[in-house]
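Hi,

Here is the two-chain model I promised to pass on.

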Amino acid sequence: MDRRVLFRCPRRGGGFGVYGSNAAMHFLDFEKPIAELEGKIAELKHLSDADGLNIAEEVGRLQSRVDKDLRSAYAKLSPWQKTQVARHPDRPHALDYIRALIQDFMPLAGDRLYGEDEAIIGGMGRFNGRSVMVIGLEKGRDTETRVKHNFGMARPEGYRKARRLMQMADRFGLPIITLVDTAGAYPGVGAEERGQAEAIARCIQTSLDLRVPLISIVIGEGGSGGAIALAVGNVVLMLEHAIYSVISPEGCASILWRDGEQAKTAAEAMKLTAQDLERLGVIDGIVPEPMGGAHRTPEAVFTALRDAIEMHLNQLVRIEGGQLRARRRDKFVQMGRLQE
Amino acid sequence: MNWLTNFVRPKIQKLVRPKEVPDNLWHQCPKCSEMVFHRELEKNLRVCTHCGHHMRMPVRDRLRMLFDNAQWTEIEIRAVAVDPLRFKDRKRYSDRLKESQAKTGLKDAVVVGHGTMGNLGVVIAAFEFDFMGGSMGAAVGEALIAAAELAVLQEAPLIVIPSSGGARMQEGILSLMQMARTTVAVDKVREKGLPYLVVLTDPTTGGVTASFAMLGDVALAEPGAIIGFAGSRVIEQTIREKLPEGFQRSEYLMDHGMVDMVVPRHELRARLIQLLGLLLHTNPAAEVGDLPASSRRRKALERSTSAPPDPSVPDDYEP
Ligand SMILES: [Zn+2]
């Protein structure tokens, strides 16, 4: 990662990327000054390698400025900036969390009705030694995998598979962990014909009927009905810079402001950050992200999430199944209600 | 159930008269563009007299058309936080609410009424599209919860009649949560073994379709209604091609196995009564007048929940 050269990311208009030996890193607009500093550091390191000059002091000075700038930028991210962080292409996705947190992951496929939808991945595995069912919305990392996972936008088959796996988990007493990261359910002709709405409705219905613990984590983008289908948990957590909303800020802007360009304004008004949702009583906790976001130090967010899941799971497995179901239902019924 | 007894203050709806409209008013049919005389249209349940197009119907006209003798009792819905996000787009949400309340005379987009249909006690929750596009916020969620709890309390079937563009964006994430809340509500009815019927009317889309509206024991749809999850414009932009003929209309959904029947408005009441009679093992048409509705309902329920051993079955009949 030392020999990184600045380049302009072709995918994002104003953003910079640093090309490393393994993968391209993407920088958001507000990260640009930081990216430039990091570019300088990379150049200096390159020089020191080549010419044997001792410039470690300068590198150290620049690095502490990077840390300071990152910390202050990420401490006061606006809702629109959070939206961009939540969608950051380098952000860990569901499969990354599964690789990091689940041992012996055994993927299961198909809805037994029509097809297999890889926008939703699901299967059994071990979390800290315990058998669990994991269901996640996966966006994909590069062109090939994005197409394979349909950019994380599930079709009815995906939701029906999720439902099938939830019911299986219920029969075998496996706690369920869902990882939510989607712009929304796929809007397509076939998806509508095969009952996208019905598939989501049944998925919600089944989530509310389970007698096993259900922990849902919004790891990136929680977009609308396609997200809540997998987020009706006993415990719903969000990563610090994740967002969760009824419609995308762009969609909201184009409908309510009649101007898609007003997405930034809409993002402010919609209250879609983890911090807003915690205040509104919609989620049960926030999982801290490392400085500069989950994509900077994925290992740190994996550890934080592992701890959070372990803590909640340890509590939830002690609750009797009928109680788990009743509490989950009651939690949603009471949500947002005025106190009497 | 405590809040229910507190909140359900019965107000008999004494044949609420339709708003007085001058007799010379004409409406243009949005489908065939023919002019229809207002009184003709009202008499014809807002179905175009030229082409049969089903226009949207004010919620109380809908209830009047369905309940026996056009009589029902409305219940009051638990109060919700008004404008919890203090949302403002081009207009304040609180102002939009006031405007809709003034325009419709309703507190929010759903009216819950109970009464009889074919002498069977029923609870109906019906949407008013004119109230912010029938969008679902916390008040709509509470209305459906109240309707479901009333149905359970009265051991009555629940009929829900959506007409909604989906979630109420001005309530942000809290509007999305209504999908879970309303699902719990209608499941309580189903779990009691009571029928839950949905009449999909124009339009039923977004989060409303993707929750309680698609969970009915029987799904009926009015002709030509738009029913779907994603908006057709969004789909068109995504796939970049023209949508098929009749896409997301009732008949199209029926062809794709998503609804049980498409029922013209004039036949809706009769069809619902027929369905309820079959589901409750009773014959409302034949039994009209011989028993008070409540005891017949109880009998029907007893029959449906615990079938008594039939002494006419011979002992050696093994299956
Ligand atoms: Zn017409």
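Strands here are DSSP E runs of at least two residues, helices are H or I runs of at least four, and both are numbered from the N terminus. Two strands count as paired if DSSP finds at least two bridges between them.

Before going further, some housekeeping. This is a predicted model, so local features need pLDDT of at least 70 and side-chain atom pairs count only at pLDDT 80 or more, while totals for chains, interfaces and linings use all residues. Residues are numbered from 1 along each chain as its sequence is written, with chains lettered from A and ligands numbered from 1 in the order in which they are written.

**More on β6(B)**

How many residues of strand β6 (residues 120-127) of chain B are buried? Eight of the eight are, so the strand is largely enclosed by the rest of the structure. Buried means 20 or more other C-beta atoms within 10 Å of the residue's own, exposed means 12 or fewer, and partly exposed is in between, with C-beta atoms placed from the backbone. In a regular strand, side chains alternate between the two faces of the sheet. Both faces of β6(B) are covered, with Leu120(B), Val122(B), Ile124(B) and Ala126(B) buried on one side and Gly121(B), Val123(B), Ala125(B) and Phe127(B) buried on the other.

The other partner I looked at is strand β5 (residues 110-117) of chain B, which runs antiparallel to β6(B) with eight bridges. Val112(B), for example, stands opposite Ala125(B). β5(B) and β6(B) make a hairpin with two residues between them, and Gly118(B) in the turn has a positive phi of about 55 degrees.

Elsewhere in chain B, strand β8 (residues 196-200) and strand β10 (residues 218-221) run parallel, joined by four bridges; Val199(B) is partnered with Leu220(B) there. β10(B) also has two bridges to strand β12 (residues 261-262) of chain B, again parallel, and Ala221(B) stands opposite Val262(B).

**Chain B overall, and confidence**

Chain B has 12 helices and 12 strands, and 47% of its 319 residues count as buried. Of its contacts with a separation of 6 or more, 68% are between residues 24 or more positions apart. A contact means C-beta atoms, placed from the backbone, within 7 Å.

The model scores ipTM 0.90 and pTM 0.89. Chain B averages a pLDDT of 88, with 84% of the residues at 70 or above; pLDDT is the predictor's confidence in each residue, from 0 to 100. Two stretches of chain B to watch: pLDDT stays under 50 over residues 5-17, which have 18 contacts beyond four places in sequence, and under 50 over residues 288-292, which have two such contacts. Where pLDDT is low, the predicted coordinates should not be read in detail.

**Chain A**

Chain A has 14 helices and 11 strands, and 49% of its 340 residues are buried.

The domain assignment, from an automatic or database source, gives domain 1 (5-76) and domain 2 (86-334). Their C-alpha centres lie 32 Å apart. Seven residues of domain 1 are in contact with six of domain 2, and α2(A) gives the most to the domain 1 side, with four residues.

**Where the chains meet**

40 residues of chain A are in contact with 44 residues of chain B. On the chain A side, α8(A) gives the most, with seven residues. That side divides into 27 nonpolar, eight polar and five charged residues (nonpolar: Ala, Val, Leu, Ile, Met, Phe, Trp, Tyr, Cys and Pro; charged: Asp, Glu, Lys and Arg; polar: the others, Gly among them).

Cheers
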